[in-house]
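Subject: Structure handover

Hello,

Here is the structure you asked for. My notes follow below it.

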Amino acid sequence: MFENYRVFETTFAGQKISFETGRLCGLSNGSCLVRYGETTVMVNVTMSEKPREGIDFFPLSVDYEEKLYSVGRIPGSFLKREGRPSEKSVLTSRCVDRPIRPLFPKDLRNDVTVVMTVLSVEQDFQPDIAGMLGTSFAISISDIPWNGPIAGINVGLVDGEIILCPNAEQRAKTDLDLMVVGTRDKICMIEAGANQVKEDVMLNAIKTADVELKKMVAFIESAQAEIGKPKKEFTSVEVDPDMFEAIKGFAIEKVRYALDTDDKNIREERLTPVKDEIHAAFDEKYPEQIGMIDECIYKLQKYVVRRWLLDDGKRVDGRKLDDIRPLAADAGIIPRVHGSGLFTRGQTQVLTITTLGPVSDSQRIDGLDDVDSKRYMHQYNFPSYSVGETRPSRGPGRREIGHGALAERALVPVLPSVEEFPYAYRLVSEVLSSNGSTSQGSICASTMSLMDAGVPIKAPVAGISCGLITEGDRWMTMVDIQGLEDFFGDMDFKVGGTHEGITAIQMDIKIDGLTYEIIEEAFEKCRKARIYILDEIMLKALPAPREELSKYAPKMLTLTIDPEKIREVIGSGGKIIQRICAECDVKIDIEDDGKVFVLSTDIENARRAVGVIKTIASDPDVGAFYKGKVTRIMNFGAFVEIAPGKEGLVHISKLDMGRVEKVEDVVSVGSEVLVKVTEIDQQGRINLSRRDALIAMKKKEEERAQAEGGSEEA
């Protein structure tokens with residue numbers, strides 16, 4: 001029945017991997033089932049028959065679908081089905097999109113869709129790697145025009161050793177989480193989170209990965225040669241060369257003048273009448289290609305910017321290749337929030353706000369891996385006013401999620417451990433204005449915000465981007481690219497890090513790949529720029545984290561109790577812990593191992609709650625004094641609660657320093673009294689004495705009076 005069914009097997013980083021095709025999804029342009037260990041991912045690619053009209057971009061859609069049945073879980077939502085894609089799903093989709101997109105023909109306008117469906121997961125074999133490889137395999141054997149294949153691999157660094165495709169245990173202790181994607185000849189994507197890894201170590205990890213990638217690329221090429229379909233012809237939307245040359249001759253000097261400024265607003269003001277003049281001159285000449293005129297205008301701007309760089313070493317705003325735009329940093333500019341940081345680079349400006357909360361505020365993650373929560377949450381917002389446009393806010397898109405995740409990756413390695421600083425963090429980066437590198441601006445602003453909040457970070461982190469222009473064998477890099485250099489250039493190489501090393505990388509390119517030489521130069525330029533930003537801008541604005549938390553930030557105290565005592569602290573139906581929270585005005589979190597976190601905006605309230613919990617969780621010491629409340633009165637004495645749920649008896653003979661006829665003569669229900677623990681019997685019953693407490697208080701007052709009298713005589 002399945003006469004076209006084929007299985008291609010190989011090894012990848014020492015592990016068996018197979019690609020099945022011809023049995024499932026027969027209507028897709030290309031399809032495969034990847035088996036990597038017991039991780040199974042199905043990949044399908046399709047292309048529309050006709051190009052989409054009225055667009056000036058390639059409509060590629062990449063979706064990574066996490067199915068919770070793949071790890072034996074039922075979704076926790078009310079509908080009990082997967083909802084909107086998780087953050088991990090969005091990031092994986094972006095990670096696959098970025099390396100495959102530049103390899104499609106530049107003039108292709110047919111819709112292309114890639115769907116990776118995760119069917120089963122074995123934690124030692126990452127499904128995103130299987131999805132990446134399956135995508136390359138499926139497109140390669142399909143009839144969709146593409147200049148692949150590619151291959152991607154994950155790299156770890158454990159105890160200084162580079163490890164390809166680390167297993168779950170190794171990933172838990174790695175200092176590097178690096179994804180490298182490459183073609184037969186070049187590196188086409190790098191994405192990394194790292195624990196302050198040196199540039200030379202990072203480059204060595206990339207080179208080690210590239211060796212394995214080339215083997216996989218050759219394997220996919222052999223499968224393509226064997227079963228690949230002939231690539232389809234498509235309707236090209238390439239700009240008419242004669243039209244472009246005519247518009248170029250008419251407007252190139254006007255475009256040069258319009259672009260020759262460091263102010264984005266002035267540039268737009270100058271360009272608007274130039275575009276109008278071009279349309280007035282050429283709309284009647286090309287009545288059926290008016291849409292193509294706008295493409296020519298875009299191409300002409302790109303031509304001018306690239307020629308300036310390649311021929312004159314000139315940047316749009318007049319900077320040299322290694323110059324950074326004017327910088328400014330500040331902290332504590334927003335009142336009442338727990339921390340705030342502002343970072344400005346040219347016309348790019350980002351404000352980050354820090355909010356601290358209890359560890360229980362950590363984000364729950366309903367995903368496919370072993371991570372079920374995270375206590376550091378970084379969110380990035382890119383409103384329309386930041387680029388001078390008007391559009392309604394519709395929530396974060398893939399770009400916003402990706403930029404927030406990049407900043408999060410850059411900062412997580414420098415956060416104190418939960419034992420050192422038992423808080424959850426939510427950082428929100430608000431882009432106030434944008435002219436390139438907002439993601440790197442958010443890293444810098446977030447460092448300032450964390451330090452302003454008093455978070456004892458291990459080291460400050462800064463971010464910077466490096467651009468690239470290529471022409472044949474010629475190439476040049478430039479640091480701190482602005483918007484036009486990003487739009488019209490070939491690379492946006494983003495690197496975040498400290499004085500010691502790299503904490504995050506994200507590389508976007510529009511060409512088929514990079515050489516080691518380009519990567520090494522980008523690393524070095526970003527390192528020098530990063531150190532300059534840290535030393536000359538950020539640390540001069542705020543040299544170190546604040547010594548104290550904001551008065552509006554919650555204060556946290558921690559203690560550890562015997563896990564067997566957790567039930568007593570919580571009480572039946574949570575009554576005890578709820579009472580402590582209400583009476584002391586605190587919030588309490590208790591973990592299964594006995595760690596207790598007490599949170600309050602008033603440190604004295606937190607200390608009072610800690611004292612109560614200690615009393616409940618441990619037997620009171622004989623001889624210790626407690627302030628308690630009378631709960632019951634009997635003929636023979638009064639019961640006094642010295643902690644919620646823990647009370648003892650004050651016998652009538654121990655109520656006062658003199659003889660007591662009736663208990664009610666001394667105390668009443670609700671009275672607060674100071675008592676001393678005199679005995680804990682074999683049944684755990686606590687005997688208390690108010691008389692002994694009063695005697696101790698009187699003696700203490702006499703000693704104080706005597707000491708004061710002696711000092712006066714002297």
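In which helix is the place of N605? N605 sits in helix α14, residues 603-617. Helices here are DSSP runs of H or I with at least four residues, strands are runs of E with at least two, and both are numbered from the N terminus.

Two notes on the source. This is a predicted model, where local features need pLDDT of at least 70, side-chain atom pairs count only at pLDDT 80 or more, and totals for chains, interfaces and linings use all residues. Residues are numbered from 1 along each chain as its sequence is written, and side-chain values use heavy atoms, with hydrogens and water left out.

N605 is buried, with a relative accessible area of 16%. Buried means under 20% relative accessible area, exposed means over 50%, and partly exposed lies in between (1.4 Å probe, protein chains only). Leaving aside neighbours within four places in sequence, N605 is in contact with C584, D585, V586 and S600. Contact means heavy atoms within 4.5 Å.

I588 belongs to strand β23, residues 587-590. I588 is buried too, and its relative accessible area is 9%. Which residues does I588 contact, leaving aside neighbours within four places in sequence? They are I577, I580, C581, V596, F597, V598 and I613. D490 is 98 residues from I588 along the chain, and their C-alpha atoms are separated by 52 Å.

**Cysteines**

A disulfide is a pair of cysteine sulfur atoms within 2.5 Å. By this rule the count is 0 disulfides. C188 is in no disulfide; its nearest cysteine sulfur, in C95, is 10 Å away. C188 is buried, at a relative accessible area of 2%.

**Helices α9 and α11**

Helix α9 (residues 438-452) packs with helix α11 (residues 516-541) at an angle of about 35°. Their axes are 10 Å apart. Axes are lines fitted to C-alpha atoms, for helices over the stretch in contact, and angles run from 0 to 180 degrees between N-to-C directions. The crossing of α9 past α11 is right-handed. That means the near helix is turned clockwise from the far one; left-handed means anticlockwise by less than a right angle. From α9, the contact uses C444, T447, M448 and M451. From α11, it uses I533, M538, L539 and A541. By class, this contact has 7 nonpolar, 1 polar and no charged residues. Ala, Val, Leu, Ile, Met, Phe, Trp, Tyr, Cys and Pro count as nonpolar, Asp, Glu, Lys and Arg as charged, and the others, Gly among them, as polar.

**The five-strand sheet**

α11 also lies across β11 and β12, running at about 35° to β11. These strands belong to an open sheet of 5 strands, in the order β11-β12-β13-β17-β16, with mixed pairing. Two strands pair if DSSP finds at least two bridges between them. β11 (327-331) and β16 (376-381) stand at the edges. Each has a single partner strand, so one side of each is left without a neighbour in the sheet. On average, neighbouring strands of this sheet are turned by 15° against each other, direction ignored. Strands β12 (residues 339-345) and β13 (residues 348-357) pair in the antiparallel sense over 7 bridges. S340 stands opposite I353 in β13.

**Strands around β6**

Strand β6 (residues 110-120) is joined to strand β4 (residues 39-51) by 9 bridges, running antiparallel. The bridge partner of M42 in β6 is T117. Strand β5 (residues 60-66) pairs with β6 in the parallel sense over 7 bridges. Here Y64 has M116 of β6 as its bridge partner.

**Strands around β26**

How many residues of strand β26 are buried? The count is 7 of the 7 in residues 637-643, so β26 is largely enclosed by the rest of the structure. Strand β25 (residues 625-634) pairs with β26 in the antiparallel sense over 5 bridges. I633 has A638 of β26 as its bridge partner. β25 and β26 form a hairpin with 2 residues between them. β26 also pairs antiparallel with strand β27 (residues 646-651), over 6 bridges. V640 stands opposite G648 in β27. The hairpin of β26 and β27 has 2 residues between the strands, and G645 takes a positive phi near 80° in it.

Best wishes
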